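The following paragraphs guide the reader through the side-chain contacts of one protein chain.

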Amino acid sequence: MARYLGVYASALLFCVSPVVHSASDCRGSVQKIILNPLKSATKSQTGYVLADNTFVIWAGGSVNLDGLRTAYHRDDQKGGGVDLLCNAGRAYPAEGASYEGAGKGNCPRFMKDYERIRHAGWKDPKVGAINWYGFRAEGDVTVQGHKVEDVVPVEQLDGSGFYVSTTSLMDTKNHRDPRDQARYLDAETIPFGVIPGNSPS
């Protein structure tokens with residue numbers, strides 16, 4: 001399987017049908033329809049109904065590395081991480097405002113803060129903290145009066161230095177330790193997609 005870093009798909013094709021189709025099977029005569037806008041959408045979506053009643057839409061998307069054993073390493077890409085650590089957290093420095101690591105132009109700054117926070121033991125309010133949401137992390141600390149959760153990254157059991165990349169679907173029966181990467185879906189061998197749900201209004 002090819003590995004991707006920061007690759008964004010401008011459009012993804014989804015075929016929805018009672019019959020399972022591969023991407024190459026999305027063909028036939030089409031009937032164009034306009035869908036009502038979703039609550040979260042700003043405009044209507046164009047869809048197509050194929051001759052066999054398959055429903056097709058185009059939607060934006062991005063490559064998701066959740067569950068990949070080599071997604072994030074403590075030494076970032078130098079350690080073999082496929083994704084950048086700055087894509088996995090929000091920094092709360094001891095001085096100044098918090099910021100997203102993945103924000104435009106923020107990655108170099110994030111990595112400097114990452115090294116300082118890491119060497120200070122992750123939970124020193126005089127240095128700062130990082131809220132990790134891209135992989136498993138534990139503990140909390142208060143920085144500038146704000147409680148920051150999930151601040152200590154959890155490394156995989158094998159001692160490889162990779163952080164535990166989690167998925168919502170887990171095998172807790174055969175892999176009880178949350179540090180065991182095999183507990184989660186392996187994105188490198190299991191093709192799966194993530195469709196975010198709408199927030200309740």
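**Side-chain contacts in a predicted model**

Cys-86 is a buried residue, because its relative accessible area is 2%, under the 20% that marks burial. The model discussed here is predicted. Cys-86 takes part in a disulfide with Cys-107, and the two sulfur atoms lie 2.1 Å apart. A disulfide is a covalent bond that joins the sulfur atoms of two cysteines. The search of the whole structure finds 1 disulfide. The link between Cys-86 and Cys-107 is left-handed, with -90 degrees about the S-S bond. This pair connects distant parts of the chain: Cys-86 belongs to the loop between β4 (55–62) and β5 (89–93), whereas Cys-107 belongs to helix α1 (residues 107–119), and the two are 21 residues apart.

The aromatic residues come next. Across the whole structure, the search finds 8 aromatic pairs. A pair of aromatic rings is described by two quantities, the distance of the centres and the angle of the planes. In the pair of Tyr-72 and Phe-135, the centre-to-centre distance is 5.3 Å and the planes stand at 55 degrees, an arrangement classed as tilted. Here too, distant parts of the chain are linked: Tyr-72 lies in the loop between β4 and β5, Phe-135 lies in the loop between β7 (128–132) and β8 (137–143), and 63 residues separate them. Both Tyr-72 and Phe-135 are buried.

How are the rings of Trp-122 and Trp-132 arranged? Their centres are 6.4 Å apart and their planes meet at 75 degrees, so the pair is edge-to-face; the angle is over the 60 degrees required for that class. The pair links distant parts of the chain, with Trp-122 in the loop between α1 and β7 and Trp-132 in strand β7, 10 residues apart. Trp-122 counts as buried because its relative accessible area is 13%, and Trp-132 is buried with a value of 2%.

Ring pairs link Tyr-72, Tyr-99, Phe-110, Tyr-114, Trp-122, Trp-132, Phe-135 and Tyr-163 into a cluster.

Conventions: Residues numbered from 1 in each chain as written. Predicted model: local features only at pLDDT ≥ 70, side-chain atom pairs only at ≥ 80, totals over all residues. Heavy atoms only, no water. Disulfide = S-S within 2.5 Å. Helix = DSSP H or I, 4+ residues; strand = E, 2+ residues; numbered from the N terminus. Buried < 20%, exposed > 50% of the residue type's maximum accessible area, 1.4 Å probe, protein only. Phe/Tyr/Trp six-rings, centres within 6.5 Å; stacked < 30°, edge-to-face > 60°.
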